[in-house]
There are 2 protein chains.
Amino acid sequence: VLAAPAIAQSMPEVKWRCASSFPKSLDTIYGGGEFISKRVAALTDGKFQIRIFGAGEIVPAFGTVDAVQQGTVECTHTAGYYFVGKNKTFAFDTTVPFGMNQRQQNAWMYWGGGLKLQREFLRDYNIISFPAGNTGTQMGGWFKKPVKTVADLKGLKMRIAGLGGEVMSRLGAIPQQIAGGDIYPALEKGVIDAAEWVGPYDDEKLGFYKIAPYYYYPGWWEACSMYSMYVNIKEWEKLPKQYQEALASACAECNIDMMAEYDYKNPIALQSLIKNGVKLQSYSTDIMKAASTAAFEMYEEEAGKNPSFKKIYEPWKKFRNDQMLWNKVAEQTLMSFMLTNPVK
Amino acid sequence: VLAAPAIAQSMPEVKWRCASSFPKSLDTIYGGGEFISKRVAALTDGKFQIRIFGAGEIVPAFGTVDAVQQGTVECTHTAGYYFVGKNKTFAFDTTVPFGMNQRQQNAWMYWGGGLKLQREFLRDYNIISFPAGNTGTQMGGWFKKPVKTVADLKGLKMRIAGLGGEVMSRLGAIPQQIAGGDIYPALEKGVIDAAEWVGPYDDEKLGFYKIAPYYYYPGWWEACSMYSMYVNIKEWEKLPKQYQEALASACAECNIDMMAEYDYKNPIALQSLIKNGVKLQSYSTDIMKAASTAAFEMYEEEAGKNPSFKKIYEPWKKFRNDQMLWNKVAEQTLMSFMLTNPVK
């Protein structure tokens with residue numbers, strides 16, 4: 001390999017700070033920020049440096065949108081749905097219960113008009129966004145006792161974030177917002193009866209299986225979970241064009257790489273969890289149907305009173321339903337066959 | 001947006017030629033090469049230019065590996081499985097019958113060691129490779145008459161490429177290699193009884209539905225179809241480091257973007273085909289089971305006599321089976337529920 005050409009002098013040095021909403025212990029998702037930083041540096045001969053800070057290091061996990069909006073930091077690697085308290089429209093950037101899977105979400109964002117709509121919404125926060133990572137369909141959480149029917153959810157205290165919590169609440173459960181590191185003690189002490197986090201790889205590290213052995217699937221509130229790089233628009237506009245392109249490419253690359261990382265790591269962790277005696281349980285159709293109904297009732301209500309939500313929800317819903325029609329034909333039929341006809 | 005910094009003078013101008021294996025009429029896949037070319041230019045301030053040529057313009061579609069190996073062109077945007085005549089090991093770069101879906105293939109290539117193994121194999125051809133596009137699960141082809149059992153395949157002349165053709169042959173059919181533009185007349189004149197191409201979007205343009213109305217799914221020989229950028233290693237090593245990074249990022253970005261494009265376009269085309277009277281048919285379990293058995297028999301035979309095939313096949317098979325275990329839990333359960341419980 002030849003040495004890099006002598007371009008260092010003429011490309012300006014730019015140093016940014018990125019406040020991640022994720023703790024460093026969540027190496028996969030937090031690692032997405034680090035991945036972007038490395039790729040941007042590689043693409044700009046080391047001249048555009050983005051330093052990533054873990055949640056709470058310089059900005060609290062859920063304060064990063066404010067920080068970017070105000071220009072305290074240039075950008076945040078985050079999940080839009082952490083900010084549904086500001087406006088539920090943020091959720092479409094990440095996922096909503098019974099939303100689209102990872103491929104469908106990418107199709108919506110890159111080709112279906114989703115990213116354009118989301119960016120229009122985010123202009124009010126001085127933000128331009130880039131899809132930047134995904135977990136795929138998550139797991140449905142850890143329970144101390146089995147839950148078979150909607151009635152079993154009544155009064156159940158569950159750590160569950162975002163709109164999934166609101167659907168759980170409509171089904172009678174009591175959703176709790178608890179940061180990752182505090183879930184285990186809360187579950188151990190009986191402050192909560194159940195907790196969802198991500199999937200096998202991340203969940204195993206937190207050790208939930210030791211105290212809540214019923215591991216439910218699927219995480220119907222996260223058919224996928226897409227992360228984003230939110231960048232202050234003024235800072236974005238100050239970047240040389242080439243650095244803008246580098247950041248955009250790095251985010252797209254992160255978007256595909258994180259999904260591959262999870263798909264690599266989750267099967268290994270799942271097998272390890274099963275060896276540790278975890279009891280895999282599927283949510284009953286009773287619960288899934290009630291949850292799906294409650295979710296879409298919630299969206300319709302929100303669309304009736306929140307114009308920015310409605311503006312994305314309506315085309316999103318049509319796009320989702322068209323996606324399902326297509327998925328059912330080729331993808332689903334073949335995968336279903338391969339899953340029921342294992343190869344020895 | 002500020003003007004680009006004055007770096008033009010110090011970054012060398014590099015001009016490459018890329019021989020695509022795809023005709024320009026296949027705008028999605030051929031377009032992947034154009035996408036990479038545009039992104040590389042954007043990432044290098046226009047200094048690294050890759051000109052894309054359609055199949056046959058300067059190199060025949062299936063001659064591009066030879067051309068890259070000999071250095072006639074610097075690179076080709078192609079499908080590895082076009083070159084199974086040289087060595088069946090090429091197929092793992094793209095897909096094999098009853099292989100992995102798009103996400104699983106990405107996980108295998110980027111994280112599971114697949115790309116490393118494939119590059120070791122390709123060194124003998126003076127090639128370094130980059131995943132660069134995908135179609136997802138393809139459709140199973142157009143038939144003049146329904147095929148219900150393996151017996152119905154006997155003597156059936158079908159246009160089908162690569163290892164899928166070899167499996168079809170083991171089931172009694174007579175596979176034919178016919179270039180895209182020649183399929184329609186062959187089907188019309190009765191030279192062949194059936195033909196597979198890609199999926200709804202690309203198939204609709206070629207008009208097969210007018211003369212072979214039975215549209216089968218799934219394309220069990222292409223659970224996904226991954227395309228690659230094959231680059232002459234000597235030319236690669238001559239590139240400035242920053243240009244190498246730009247090309248790598250552009251290919252990764254193409255890999256995610258093409259899949260999103262297909263997922264956007266296919267549902268629209270499928271609905272249009274259905275309106276045009278196409279008869280959607282699922283392959284029977286009888287045919288699928290026989291095909292799956294024949295496929296893995298073929299792999300075992302090949303592994304027994306081809307060391308380079310064996311070296312990839314064995315870890316690939318283990319990886320595939322672990323992927324299926326995980327997919328079955330979260331992804332499949334939720335998607336299956338959403339497909340059977342449509343939202344109005």
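B:Asn126 sits in the loop between α4 (114-122) and β4 (127-134) of chain B, where helices (H or I, at least four residues) and strands (E, at least two) are DSSP runs numbered from the N terminus. In this predicted model, B:Asn126 has a positive phi of about 60° although it is not a glycine. Its relative accessible area of 34% makes B:Asn126 partly exposed; buried means under 20%, exposed over 50%, and partly exposed in between (1.4 Å probe, protein chains only). In chain A, A:Asn126 is found in the loop between α4 (114-122) and β4 (127-134), with a positive phi near 60°. A:Asn126 counts as partly exposed at 33% relative accessibility. For orientation, most residues other than glycine have a negative phi, and most peptide bonds are trans.

A cis peptide bond links A:Tyr217 to A:Pro218, with omega near -10°, and A:Pro218 lies in the loop between β9 (214-217) and β10 (226-232) of chain A. In chain B, the bond from B:Tyr217 to B:Pro218 is cis, with omega near -10°. B:Pro218 has its place in the loop between β9 (214-217) and β10 (226-232) of chain B.

Residues are numbered from 1 along each chain as its sequence is written, and chains are lettered from A and ligands numbered from 1 in the order in which they are written. Local features need pLDDT of at least 70, side-chain atom pairs count only at pLDDT 80 or more, and totals for chains, interfaces and linings use all residues, while side-chain values use heavy atoms, with hydrogens and water left out. The mean pLDDT of chain A (the predictor's confidence in each residue, from 0 to 100) is 95, and 97% of the residues of chain A reach 70 or more. The model scores ipTM 0.95 and pTM 0.96.

Turning to the interface, 90 residues of chain A are in contact with 90 residues of chain B, contact being heavy atoms within 4.5 Å. The area buried between the two chains is about 8000 Å², of which carbon and sulfur atoms give 67%; this is the accessible area (1.4 Å probe) that two parts lose on being put together, summed over both. The interface has 4 salt bridges, each a side-chain nitrogen of Lys or Arg within 4 Å of a carboxyl oxygen of Asp or Glu. In one salt bridge, A:Arg39 pairs with B:Glu245, the closest N and O atoms being 2.7 Å apart. Elements of chain A that each supply at least two residues of the side touching chain B include α1 (27-43), α10 (241-275) and α12 (307-340). The largest share of that side, 22 residues, comes from α12(A). By class, the side of chain A that touches chain B has 44 nonpolar, 28 polar and 18 charged residues; Ala, Val, Leu, Ile, Met, Phe, Trp, Tyr, Cys and Pro count as nonpolar, Asp, Glu, Lys and Arg as charged, and the others, Gly among them, as polar.

B:Gln102 lies in helix α3 (residues 102-111) of chain B and is buried, with a relative accessible area of 4%. Leaving aside neighbours within four places in sequence, the contacts of B:Gln102 include A:Arg103, B:Asn134 and B:Met259.

Over all chains, the structure holds 40 salt bridges. One of them joins A:Asp27 and A:Lys265, with the closest N and O atoms 3.3 Å apart. A:Asp27 lies in helix α1 and A:Lys265 in helix α10 of chain A, so the pair ties together parts that are 238 residues apart in sequence. A:Asp27 is partly exposed at 27% relative accessibility, whereas A:Lys265 is buried at 15%. A:Lys265 also meets A:Glu261 in a salt bridge (2.7 Å, N to O). These two residues are 4 residues apart in helix α10 of chain A, so about one helical turn separates them; A:Glu261 is buried, with a relative accessible area of 9%. In chain B, the side chains of B:Lys88 and B:Glu166 meet in a salt bridge (3.4 Å, N to O). B:Lys88 lies in the loop between β3 (75-78) and α3, and B:Glu166 in helix α6 (residues 162-170) of chain B, so the pair ties together parts 78 residues apart in sequence.
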